[in-house]
Amino acid sequence: MPGIAQGGWLGCGHILHAMHGAEIELKFSVEDAAGLRAAAERLGFRMVTERTFEENTLYDTEDRQLRAQKQILRVRHYGERCTVTHKRSSESSELDLRYKTRIETESVVEDGEALAEIFTRLGYGPVFRYEKFRTEWETDQGHLVLDETPIGVWAELEGPTAWIDEMLLHMGVLDEQTSTESYGKLFLAWKERTGSPAENLTFEEAGSVVAA
């Protein structure tokens with residue numbers, strides 16, 4: 001895509017910011033969503049986005065070349081906002097045993113359908129869809145999201161590792177609740193446990209969300 005550079009800009013009718021950098025995050029399962037919301041307020045998180053529907057589509061070649069290279073290419077619709085994201089593994093694996101660390105390049109796009117058509121013409125077709133309702137908070141140090149998915153409620157902390165550990169401690173999150181798995185892998189594990197024939201992590205295929 002002409003115009004994208006590290007920390008640069010993408011011009012598509014309007015000038016849209018492209019972000020590039022390391023993403024360090026950790027998921028954890030949530031049994032008490034109301035308690036997590038209360039903890040976010042107590043710990044000084046600022047609300048960024050109220051509960052909003054999110055729809056994601058991953059693109060890859062027929063023989064899954066991107067997956068084999070541990071990369072993802074994603075188009076996300078989050079409310080009225082559409083973004084394109086590329087993620088790849090970090091060259092350093094030192095943090096990967098406990099945290100999920102990837103290099104992410106992301107930009108807002110004007111027309112997600114047009115972008116999807118471009119990907120398809122270039123040989124990258126839709127291979128997996130997943131949906132959730134997401135609520136977002138932030139502090140000066142990091143980011144917290146609450147995701148209500150068809151297969152359970154999860155949260156993610158993104159930021160410096162020491163800050164993530166501090167927030168987990170204050171929220172009372174146990175080590176066994178944490179995970180570095182993607183929603184795709186969590187979905188495959190759920191399919192194996194339940195025997196579900198669902199091919200996508202959508203509310204239509206995988207069931208209804210547990211209200212959070």
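**Exercise 1. Find the ring under Arg 51, then the ring under Lys 27.**

Solution. Start with Arg 51: this residue lies over the face of Phe 133, at 4.1 Å from the ring centre. The model is a predicted one. Now take Lys 27. Lys 27 lies over the face of Tyr 183, 4.4 Å from the ring centre. Keep Tyr 183 in mind: Tyr 183 is one of the buried residues of helix 5.

**Exercise 2. Work out how the buried residues of helix 5 are arranged.**

Solution. Begin with the length. Helix 5 spans residues 183–194, twelve residues in all. From first C-alpha to last, helix 5 reaches 16 Å, close to the 16 Å expected at 1.5 Å a residue. Then pick out the buried residues: Tyr 183, Leu 186, Phe 187, Trp 190 and Lys 191. Seen down the axis, they fall within an arc of 140°, so they line one face of helix 5. Turn to the other side: Lys 185, Leu 188 and Glu 192 are exposed there. Finally, look past the end. Gly 195 follows helix 5, with a positive phi near 75°.

**Exercise 3. Repeat the analysis for helix 4.**

Solution. Helix 4 covers residues 161–171, and its buried residues are Trp 163, Ile 164, Met 167, Leu 168 and Met 171. Their arc around the axis is only 135°, which puts them on the same side of helix 4. On the other side, Ala 162 and Leu 169 are exposed. Just after helix 4, Gly 172 takes a positive phi of about 70°.

**Exercise 4. Classify the pair Phe 128 and Phe 187, and say what it links.**

Solution. A pair of aromatic rings is described by the distance of the centres and the angle of the planes. The whole structure holds nine aromatic pairs. Phe 128 and Phe 187 form a pair with centres 5.5 Å apart and 40° between the planes, which is tilted. Now locate the partners. Phe 128 lies in strand 7 and Phe 187 in helix 5, so the pair ties together parts 59 residues apart in sequence. Both Phe 128 and Phe 187 are buried. Then widen the view: Phe 128, Tyr 130, Tyr 183, Phe 187 and Trp 190 form one aromatic cluster.

Conventions:
Residues numbered from 1 in each chain as written. Predicted model: local features only at pLDDT ≥ 70, side-chain atom pairs only at ≥ 80, totals over all residues. Heavy atoms only, no water. Buried < 20%, exposed > 50% of the residue type's maximum accessible area, 1.4 Å probe, protein only. Helix = DSSP H or I, 4+ residues; strand = E, 2+ residues; numbered from the N terminus. Arc of directions from axis to C-beta. Expected span 1.5 Å × (residues − 1). Phe/Tyr/Trp six-rings, centres within 6.5 Å; stacked < 30°, edge-to-face > 60°. Lys NZ or Arg CZ within 6 Å of the ring centre and 35° of its normal.
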